Amino acid sequence: MKRVYNFSPGPAMLPGPVIERLREEMGDWHGSGMAAMEMGHRSAEFTSIAEKAEADLRDLLSIPDSYKVLFMQGGATAQFAAVPMNLCTADDTADYLVTGYWSRMAVREGARFCQANIVLDTADNGDTSIPEADQWRLSERAAFFHYVDNETIGGLRLPTVPVTKAPLVVDMSSSILSEPINVEDYGVIYAGAQKNIGPAGLTIVIVRDELLADNNGNDKKGNARKGAIPGVLDYRRMADAGSMLNTPPTFSWYAAGLVFEWLKAQGGVEKMAARNRAKADRLYRAIDGSAFYANPVAVKYRSVMNIPFMLADESLDTLFLEQAAERGLTSLQGHRSVGGMRASIYNSMPDEGVDALVEFMGEFERNHGQAFT
Ligand SMILES: Cc1ncc(COP(=O)(O)O)c(C=O)c1O
């Protein structure tokens with residue numbers, strides 16, 4: 001089987017051993033005579049798959065019992081709406097820290113369902129650094145504070161957890177499971193699966209019990225929510241239904257479970273964090289040590305997962321991408337809004353993939369970049 005080093009930002013590469021398991025179990029899951037994706041979602045077989053996946057995720061992130069884990073659909077984009085729908089009314093104010101493309105999308109959508117207050121927008125510095133918290137314009141009584149932990153496109157990350165009075169809501173689509181986190185710092189953590197969890201179609205939402213509406217659909221302040229939220233976006237209803245209010249994305253759920261098993265076998269998120277840091281350091285060293293490649297983000301705020309870089313001569317971009325692909329290094333093109341290149345190096349990108357990229361970058365520079373070095 002030919003496998004490339006796929007640097008796609010998502011859907012992204014899955015671990016090789018997970019692909020193998022998927023192949024082995026495809027037609028006959030554990031002697032059931034069915035593939036996991038052919039099973040009824042309420043069958044005993046699928047229930048065991050679903051429960052194990054949740055238990056393993058809880059284990060990996062040390063998720064306390066006071067939090068629900070929801071397996072939802074609609075991607076992180078649906079959460080941009082679901083968060084304000086579940087956590088506040090249209091009159092409530094919510095704080096949004098804007099550090100790049102995805103937090104801009106989140107606030108644009110969120111503003112349709114609440115009074116969105118932008119506490120800071122890093123557009124002022126081209127999304128290359130994040131001014132300190134004393135410069136954030138927090139509102140007095142925010143229903144929640146939303147931010148994107150790692151901006152997948154700009155390659156910018158917030159290195160510390162914000163300290164706010166309001167419950168913290170974080171989009172961890174491109175950073176979840178890449179390092180240990182303290183779940184109790186957050187009210188809601190959400191992440192689309194297709195980067196660090198598994199195939200697209202699944203969105204993980206981890207929500208603190210006390211933020212759920214009560215059984216009458218009222219929040220703690222007595223504001224009526226019932227009927228105002230589509231059932232599939234309603235955290236309370238999804239939690240009560242064990243994420244099976246309707247047919248869940250069974251294949252993605254099953255495959256995510258295999259990724260969780262693989263992560264545990266690797267030693268868990270602490271081990272992944274050390275490996276991810278080493279991979280990112282290696283790539284940033286190659287970029288910073290050359291006059292031909294550049295990354296514009298201030299060192300303190302650089303992403304460990306998504307590393308954009310520009311070539312000194314952008315007319316060489318196409319040749320770079322072609323020659324990289326010939327080496328089995330694919331999907332390196334930067335997002336259309338940024339240009340240049342971007343290497344997404346999630347958990348499943350092996351060290352050898354980064355080594356191969358760094359070696360290729362050096363060679364490309366020697367062959368085409370003399371004028372710049
Ligand atoms: C940080 C972040 N948030 C949100 C999204 C949107 O996710 P989805 O396509 O699952 O709606 C992405 C997708 O790349 C992302 O990287």
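A salt bridge here is a side-chain nitrogen of Lys or Arg within 4 Å of a carboxyl oxygen of Asp or Glu. One housekeeping note before you click: this is a predicted model, in which local features need pLDDT of at least 70 and side-chain atom pairs count only at pLDDT 80 or more, while totals for chains, interfaces and linings use all residues. Residues are numbered from 1 along each chain as its sequence is written, and side-chain values use heavy atoms, with hydrogens and water left out.

**Stop 1**

Select K52 and E261 and show their side chains. They meet in a salt bridge, with 3.3 Å from N to O. The pair ties distant parts of the chain together, as K52 belongs to helix 2 and E261 to helix 6, 209 residues apart. Helices (H or I, at least four residues) and strands (E, at least two) are DSSP runs, numbered from the N terminus. The salt-bridge rule gives a count of 20.

**Stop 2: two domains**

Now colour 16-264 as domain 1 and 267-372 as domain 2; these bounds come from an automatic or database domain assignment. Their centres, taken over C-alpha atoms, are 28 Å apart. Domain 1 puts 27 residues into the contact and domain 2 puts in 26, where contact means heavy atoms within 4.5 Å.

How much area is buried between domain 1 and domain 2? About 2200 Å², with carbon and sulfur atoms giving 58% of it. Buried area is the accessible area (1.4 Å probe) that two parts lose on being put together, summed over both.

**Stop 3: across the interface**

Between domain 1 and domain 2 there are 16 residue pairs in polar contact, both residues at pLDDT 80 or more. A polar contact is a pair of N or O atoms within 3.5 Å; within protein, one must be able to donate a hydrogen and the other to accept it, and residues adjacent in sequence count only if both atoms are side-chain atoms.

On the side of domain 1 that touches domain 2, the elements giving two or more residues are helix 2 (44-61), strand 7 (156-157) and helix 6 (250-265). Helix 6 has the largest share, three residues. The rule finds one salt bridge across this interface.

Next, select K300 and E132: their side chains meet in a salt bridge at 3.0 Å, N to O.

**Stop 4**

Which order do the three strands of the open sheet take? They run 11-12-14, with antiparallel pairing. Strand 11 (293-294) and strand 14 (341-344) stand at the edges with a single partner strand each, so one side of each has no neighbour in the sheet. Two strands pair if DSSP finds at least two bridges between them; strand 11 and strand 12 (residues 306-311) are joined by two. Select Y293 to find its bridge partner in strand 12, L311.

**Stop 5: loops to zoom in on**

Go to G10 and P11, which are joined by a cis peptide bond with omega about -5°. P11 sits in the loop between strand 1 (5-6) and helix 1 (16-25).

Then select G27, in the loop between helix 1 and helix 2. Leaving out residues up to four places away in sequence, G27 touches G33, M34, A35 and E38.

Finish at S62, in the loop between helix 2 and strand 2 (67-72). Phi of S62 is near 50°, a positive value in a residue other than glycine.
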